[in-house]
Amino acid sequence: MASLRDIGVSALLNIISAFVFLLAFALLRIQPINDRVYFPKWYLVGARTSPTHTANLVAKFVNLNYKTYLTFLNWMPQALRMKEPEIIDHAGLDSAAFLRIYVLGIKIFGPAAIVAFLVLIPVNVTGGLLFFLSKDLVISDIDKLSISNVQPKSPKFFAHISMMYLFTFWTCYMLYKEYDVVALMRLNFLASKSRRAEQFTVLVRNVPHVPDRSISDTVDFFFKKNHSNQYLCHESVYNANKFARAVRKRQKLQNRLDYNHLKFERRPHKRPTKKTGFLGLWGKEVDSIEYYQQQIKELDEKLMMERQRIFKDPKCIMPAAFVSFNSRWGAAVCAQTQQSKNPILWLTEWAPEPRDIYWKNLAIPFVSLSIRRLVISLAVFALVFFYIIPIAFVQSLANLDGLEKVVPFLRPVIELKFIKSFLQGFLPGLALKIFLWLLPGLLMTMSKLEGHVAFSVLERRTAGKYYFFMLVNVFLGSIVTGTAFEQLDSFLHQSPTQIPRTIGVSIPMKATFFITYIMVDGWAGMAGEILRLKPLIMFHIKNMLIVKTERDRQKAMNPKSIDFPEAIPSLQLYFLMGAVYAVVTPILLPFILIFFAFAYFVYRHQVINVYHQRYESAAAFWPHVHTRILASLLISQILLLGLLSTKKAVNSTPLLVVLPVLTITFHKYCKNRFEPAFRKYPLEEAVEKDTQDEASEPEIDMKSYLSEAYLHPVLRSFEEIELVEVKVDNKRAHVPSQLAIEPVSGSHSTEPASGSHSNRASPNVQHLEVVVEQHEIVYKKQHETSINVGAMHQ
């Protein structure tokens with residue numbers, strides 16, 4: 001078990017690591033060559049230009065202004081300069097609500113730490129129990145600060161029970177206030193937005209098959225009949241997955257053609273060539289421009305045929321549609337009511353915003369979703385328990401003292417003080433972090449197989465799976481397996497009647513492992529997050545080997561968005577550790593507070609300068625955050641109840657029984673009071689917004705605005721992008737000009753009310769822009785919020 005010395009070695013290693021990461025970040029961020037890595041958000045919104053355009057060759061790569069090196073730590077106060085309303089305008093409500101979780105952690109655990117240090121630690125230190133048990137159990141000095149050090153049947157347990165009551169009431173009070181604030185922020189955010197397609201659109205699934213009538217005609221007939229005054233138009237859902245794969249292939253060919261055009265522009269006397277064999281290593285040598293032009297021409301013909309097949313083949317039209325209404329009120333009524341006598345037909349839900357849609361899953365038949373979700377639930381259950389094996393291995397590293405008693409031949413290897421301190425104080429947390437590294441990607445794949453149709457829902461479902469995994473394996477698994485390893489010798493050599501007492505004493509001892517985990521993941525890990533070492537390396541590798549055009553350079557920046565599926569469950573694990581150990585081992589609380597404060601700094605900087613959210617859910621994840629924090633509180637109460645029962649505190653233990661009941665009652669009240677704001681749209685609010693829009697923009701053509709907002713992005717037709725200006729930068733051609741993307745006039749007309757798509761059968765595929773994500777650009781041009789450019793001068 002880790003001692004105070006081991007914790008000190010771990011703290012020193014992690015503080016040094018964090019300091020080195022922060023120092024490297026402070027120096028790297030001011031170098032011109034790294035500007036796109038540390039400020040990609042401002043490039044994407046067009047508020048920052050590359051600082052590398054200078055006559056001085058060295059100045060393109062290195063910052064020669066010595067004054068900036070004297071103030072290289074100014075990013076810290078600048079991270080706090082932007083106010084919350086500005087962050088909402090700049091990065092969205094999702095980002096602002098995410099930052100509030102860290103502030104909530106500080107508000108909850110800050111006062112709890114002060115009370116615990118003033119009251120509980122003196123009570124625990126004077127307990128004296130572990131002095132008598134030190135010969136039988138593996139203990140450390142930290143355990144003498146925990147509840148384990150209190151004698152059985154001691155009246156001192158009333159202090160711990162009182163602390164649990166205070167902590168519960170304070171946590172519930174802060175959660176209530178925060179839920180109220182975030183719910184109000186969500187309603188104000190939705191009310192402040194101008195017209196957006198998702199406010200008027202409903203996703204309808206499980207459309208019944210009607211003989212001699214297409215899906216489109218069935219949808220049109222049903223909504224004209226049942227929503228005659230509000231129904232406007234609809235967009236059928238197509239299975240365009242095969243077409244999308246071909247589009248992505250054309251994108252790659254187009255990028256190679258662009259590069260060779262620019263290469264030829266740079267050296268007009270020499271035509272670029274390539275070999276047609278594998279990876280261009282052998283085969284017939286041909287003209288690169290002509291080769292890629294021919295490849296694109298052949299692929300365009302296939303795209304034209306495939307696109308025609310999608311619109312004509314009934315098998316490609318799914319029994320689902322995006323139905324748009326002429327008012328928010330009409331959409332709210334449809335989305336929040338039952339449409340048919342048969343409750344499994346004509347299922348309606350609010351449509352995600354176009355950027356948020358995961359188009360692949362729209363092609364999954366609705367009847368298969370229940371089977372998929374059952375299979376994935378079983379797979380997640382199996383995965384959670386499979387991971388107990390590596391978790392147990394990690395715990396064996398954390399409890400070398402216990403293993404030494406059972407396996408004495410390990411003693412010569414680990415007896416050196418520094419090696420033992422490293423193994424117990426640093427390696428367990430690092431090993432656990434490595435084991436968890438691949439897990440979020442695997443869980444995201446499982447969520448996609450479940451068939452959810454929105455990225456926001458996919459991420460929330462993945463976060464739920466990851467939280468369950470963290471709860472069972474990282475927290476409960478670490479306690480159970482750690483206790484077994486730690487007290488293995490005691491278990492083997494004592495009578496069965498003494499085992500409950502040993503477990504009751506040893507569970508609080510796992511605080512040492514969680515302290516090392518907090519320092520590795522929360523201190524050094526957060527410093528690594530702001531350094532962005534992997535994106536930095538990948539950007540420069542791509543810039544040297546792959547980047548051929550300005551479009552490639554923008555992709556190489558890879559700002560991504562906040563990793564909600566991993567960040568939120570990991571954050572909730574800290575709430576769980578804090579809630580459980582606030583009463584049991586309060587010495588853990590300062591480590592958690594340092595994490596919350598430091599992570600708030602880091603993520604604030606990243607939200608302002610780096611992350612570029614691909615969707616906006618208006619803080620739809622907050623009810624899950626609230627529920628899981630309350631679940632952590634409930635778990636802490638139950639564990640304390642069980643712990644006191646092993647301490648034979650018969651007189652004081654019953655006082656805790658009421659706390660779980662009060663916590664569950666509070667949860668139900670908050671669920672009824674606040675959650676509707678995150679699940680439904682009030683009709684009163686819808687009518688008010690419709691009235692405001694009619695007064696401000698009475699002549700707007702809603703049908704043309706909504707008719708193709710939910711057409712699959714790869715089925716859109718765009719004008720071919722022209723290379724307006726070609727420049728050569730550092731012996732590499734690129735296109736610095738803005739890419740103008742406009743719809744092709746006459747490519748296809750607006751969909752008629754009947755939903756017929758016959759007029760789309762013959763598109764001009766030569767004008768097809770093949771970037772699958774371009775629908776985001778079109779959407780953002782209509783709905784992009786104003787940016788506080790003045791705040792970007794970091």
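Modeller: Before we look at this predicted model, a definition: a residue is buried when its relative accessible area is under 20%, exposed when it is over 50%, and partly exposed in between, using a 1.4 Å probe and protein chains only. Phe325, for instance, counts as buried at 0% relative accessibility. This is a predicted model, in which local features need pLDDT of at least 70 and side-chain atom pairs count only at pLDDT 80 or more, while totals for chains, interfaces and linings use all residues. Residues are numbered from 1 along each chain as its sequence is written, and side-chain values use heavy atoms, with hydrogens and water left out.

Biologist: How many aromatic pairs does a search of the whole structure find?

Modeller: Rings of Phe, Tyr and Trp (its six-membered ring) pair if their centres lie within 6.5 Å, and planes under 30 degrees apart count as stacked, over 60 as edge-to-face and the rest as tilted. The search of the whole structure gives 35 such pairs. In one of them, Phe222 and Phe223 have ring centres 5.2 Å apart and planes at 80 degrees, so they meet edge-to-face.

Biologist: Are Phe222 and Phe223 buried or exposed?

Modeller: Both are buried, and Phe223 has a relative accessible area of 0%. Phe223 also pairs with Phe325, their centres being 6.2 Å apart and their planes at 75 degrees, so this pair is edge-to-face.

Biologist: Where does the charged end of Arg614 sit?

Modeller: A charge sits over a ring if NZ of Lys or CZ of Arg is within 6 Å of the ring centre and within 35 degrees of the ring normal. The charged end of Arg614 lies over the ring of Phe455, 4.0 Å from its centre, and that of Arg213 lies over the ring of Phe221, 4.5 Å from its centre.
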